[in-house]
Structure formats: structure tokens, C-alpha cells
Amino acid sequence: MKLLVINPNISDDVTALIEAEALRSASPGTELVVRTAGYGVEYIETRFESLVAAGAVAEIVAEYTRDGASIDGVVVAAFGDPGMPALKELTDIPVIGITEAALCAAALQGHRFSIIAISDRIRPWYQDCVERFGLGGRLASIRSINEALHGIASVQQDFKATLLALSHQAVTEDGADVVILAGAPLAGLARELRGQIGVPVVDGISAGIRMAEAVVGLDSGPHRAGAFAPPPAKSRRGLTENLDAALTTAQNASAHDPARRGVTQPAAPAQAN
């Protein structure tokens, strides 16, 4: 199995944290291809920054799926899942965000969960994400660091005591049965803190890798109908070569799927000048 793991921000130091935890979490025989966004911001805190990151993630997914998948699954490795769930429309392979993976893992291990975040500014976006997944009623709290960060790659070292204290508060004051350490900059910290909090601690990167492996292994089949079917073919302009080709691949595969026999769907037009 080969998984494409994408860091939606431009920090190579964060990519290194992602890769280290992904390698620790992956099953024997799982190959990882780890990429960093080609443009965007150092770390993502807002809805607009997520919007920018989504385009960068889509470009990387398109690069690897434009002529048919050379990979088996994709992990979007930033909490908040930039580009999700729309990226599921672009390719036949599973695309898993670490938020949806972490929330699913938390929901399986307890009734109420809390999210520990790296900044106050990030909290409204995370709240939106939880609501989008229909789990708002099970969210005990979102607690966050309220100090300026010294550097995105050193958050764990700089604020480990604070993150541990916030986790304890989530359990003792908010009633959390599970704690999620949110965001790629915290990748791997759950391994250090588990056993010190009193409830299960979920790492988004490890959850994303293991959930992606599970969904790929299910081999449930592609989306050909419903909300995540490929976008319908229509005139388009200004897309990169990779993104245009990936859309064409997805649309052609859908058009020729036996399950859609008898359904009229025109071939994707050539990219306009």
C-alpha cells in the first residue's frame, strides 16, 4: 500500500514532524510519499488560510492521480482538513483528513472529546469543522495556547507543560473522555503524554495514517454517484496542467463506469485558451 501524505502548509520543519509520526504509525508494508504544499502560509489558523491551502493540496493530489492513481490513498495532514471534503470528488482513491480521522478515533473511544489547539485564533475554524462532521454535541471543549508562538516547529518543546495542563483541564473541568492533540505541529506528542492525562489521547497524524490504511483495505469502491461523484464535465479555463488532467481522468472514469451505463455524460472538454 502506498499513501500520499500532504502537509498543507509550507513549513518543511512541520513536514518532518508529520513524516516521523507517520512512519511510526504506518503498518509494515505501507509506503509513504510525503509532500509539502507548494504555496501558502507557515501554519494554518483561519478559514481563509485553509482556503489557500486547499488549492495547494489539490495540486499535489492532481499530480499523483492525473493519469490514474499510482498511490492507494491520500492523507491531508493538517487539522481542519483544508480542501475536505471536496477533494474526495477529484480521485477514485480514498482521501482522508486528519481531523475526520481523529474525530472518528475519539468517537470510538469515548462519548465526549476535547480538542487541544495551538492558538486561540484557530478555535472558530475548528468549531466549524466539528459541526460539519455532525459531532458538535459530543465536543466537550476546545482549549488552546493563548501565548505567542516562538516558532511553529518548536511548539511541542516550548509549550509541553501548557498542553499537558490544558489536557488535564479538558478532562477534569470539561468532562472529556478523550483528548485530541490537534494539528501537525503536535505530531508525536500524544505518545509522550498518553498515560499522564487519564483518558485516551489521539494524535491526528497517526489516526490519519491508520484510518487511511483501513479505508484502503476495505476496498469499498469509488464514488460514481451521490455527493462525491466527480464534478460534471464543462468548459474550464486557467487550470494547471495537472489539475485539468486529473479532472479529465476522474470524469472519464465515471463516464465509462458500468454502473452508470445508460447515463449520458459528455467527455470533458479540452482546456480553453
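**The largest pocket**

Find which secondary-structure elements each supply at least two residues of the lining of the largest pocket.

Solution. Start with the ground rules: this is a predicted model, in which local features need pLDDT of at least 70 and side-chain atom pairs count only at pLDDT 80 or more, while totals for chains, interfaces and linings use all residues. Residues are numbered from 1 along each chain as its sequence is written, and side-chain values use heavy atoms, with hydrogens and water left out.

Next, assign the elements: helices (H or I, at least four residues) and strands (E, at least two) are DSSP runs, numbered from the N terminus. Then search on a 1 Å grid over the protein atoms alone; a pocket is an open set of points with protein on both sides within 12 Å along at least five of seven lines, a cavity is a set of points where a 1.4 Å probe fits but cannot get out, and lining residues have an atom within 4 Å of a point. Points are joined across faces, edges and corners, and a volume is the space filled by probe spheres set on them.

The largest pocket holds about 330 Å³ of space. Its lining has 15 residues, and Asp92, Ile93, Pro94, Val215 and Gly221 are the closest to the centre. The elements you want are β4 and α7 (204-218).

Solution. Most residues other than glycine have a negative phi. For accessibility, buried means under 20% relative accessible area, exposed over 50%, and partly exposed in between (1.4 Å probe, protein chains only). Finally, compare Asp219 with Pro94: 125 residues separate them in sequence, but 9.3 Å in space, C-alpha to C-alpha.

Solution. Asp81 counts as buried because its relative accessibility is 1%.

**Aromatic pairs**

Solution. Apply the rule: rings of Phe, Tyr and Trp (its six-membered ring) pair if their centres lie within 6.5 Å; planes under 30 degrees apart count as stacked, over 60 as edge-to-face and the rest as tilted. Phe79 is buried at 4% relative accessibility, and Tyr126 is buried at 3%. Put together, Phe79, Trp125 and Tyr126 form one aromatic cluster.

**Nonpolar cores**

Name the residues of the largest nonpolar core that touch the most other members.

Solution. A nonpolar core is a set of buried Ala, Val, Leu, Ile, Met, Phe, Trp, Tyr and Cys residues joined through side-chain atoms within 4.5 Å. The largest has 64 residues, and those touching the most other members are Phe113, Ile115, Tyr126, Ile180 and Leu181. A second, separate core of 20 residues includes Ile6, Val33, Ile71 and Leu247.

**Cavities**

Count the cavities of 30 Å³ or more, and say which residues lie nearest the centre of the largest cavity.

Solution. The count is two. The largest cavity contains about 110 Å³ of space. Its lining is made of 14 residues, with Asn9, Ile44, Gly183, Ala184 and Pro185 nearest the centre.
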